[in-house]
Amino acid sequence: MKKIAIIEARMSSTRLPGKVLRQIMGRPMLGLLIERLQGARQVDGIVVATTVNPADDPIEALTRKLGVGCFRGSEEDVLGRVLQAAHAFAADVVIEITGDCPLIESTKVDAMLSAFMDMSVDFMVNRLDGSYPDGLGLRIFKKELLQEIDHLTNDPVDREHVTIYVWEHPELYSIHHFNNHLNPKYWDIRLTVDNPEDFDLISKIFEELYPANRNFGLPEIIDLLERKPEMFDINRHITNKPVR
């Protein structure tokens, strides 16, 4: 089965426009995410699903430079865009990732993919119960699941948040939460990029850890938190806006 990581990315953002191509250590944030995903041995390909808006031309240019796939589709219908990207690149299994999460761990991708392929479940997720930091979330499912959801709902929220329909209908699907065994005191670390403060923290994390180990993961981030707790106060006050 062909396993494809699909990254949702676009230049428009209410709180931080152009965030996916903002520079960290002289590199676009999306490029750093792609580099990290390229370390996943179980993944057969990486595709960036962006929009047809000309503002997203630089994203396509970056994918060509880095030698990864690109699919351009609807601005508003993210579910449809991801599904069409899966079709275009012949994906059997989709690893869904958002472009504002540059700290995704390749080892976690491999571990979850192996577990998914060994189990008979519809959907695998690693932070459904909040037990893993925001920004390290992964969702894994077969393309057929997305095809089914595509036919079942036209709710704008469902179309924007690709797999929320699955989360909200657990009676219809077998959902497996990949246990991360993370100490609860670290559950509230915010490692996604939605605001300038988020970007400031993520930049500092890369600057601290990347030079010594470009494939650093959560253990190194936790160690950094213990050594420099004041860094993580930068965005601790920020909360996610409600989905509905």
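Phenylalanine 123 stands opposite phenylalanine 141, which lies in strand β8. The model is predicted, so local features need pLDDT of at least 70 and side-chain atom pairs count only at pLDDT 80 or more, while totals for chains, interfaces and linings use all residues. Residues are numbered from 1 along each chain as its sequence is written, and side-chain values use heavy atoms, with hydrogens and water left out. Helices (H or I, at least four residues) and strands (E, at least two) are DSSP runs, numbered from the N terminus.

**Sheet**

- Seven strands form an open sheet with mixed pairing, in the order β5-β4-β1-β6-β8-β7-β9; two strands pair if DSSP finds at least two bridges between them.
- At the edges are β5 and β9 (175–177), each of which pairs on one side only.
- From one strand to the next, the twist averages 25°; axes are lines fitted to C-alpha atoms, for helices over the stretch in contact, and angles run from 0 to 180 degrees between N-to-C directions.
- Strands of a sheet pair through backbone hydrogen bonds, either parallel or antiparallel.

**Strand pairs**

- β7 (residues 123–125) pairs with β8 in the antiparallel sense over 3 bridges.
- β6 (residues 93–98) and β8 (residues 139–142) are also antiparallel, with 4 bridges, and valine 94 has phenylalanine 141 as its bridge partner in β8.
- β7 and β9 are parallel over 3 bridges, and valine 125 has histidine 177 of β9 as its bridge partner.

**Helices**

- Helix α1 (residues 29–37) packs on the sheet, where it touches β1, β4 and β6, and its direction makes about 165° with that of β1; contact means heavy atoms within 4.5 Å.
- Helix α2 (residues 57–66) lies across β4 and β5 and runs at about 160° to β5.
- Helix α3 (residues 78–88) has 8 of its 11 residues buried, where buried means under 20% relative accessible area, exposed over 50% and partly exposed in between (1.4 Å probe, protein chains only).
- The buried residues of α3 include Val78, Leu83 and Ala86, and the partners they pack against include β1 (3–8), β6 and α5 (143–152).

**Cysteines**

- The structure holds 0 disulfides, a disulfide being a pair of cysteine sulfur atoms within 2.5 Å.
- Cysteine 101 is buried, at a relative accessible area of 8%.
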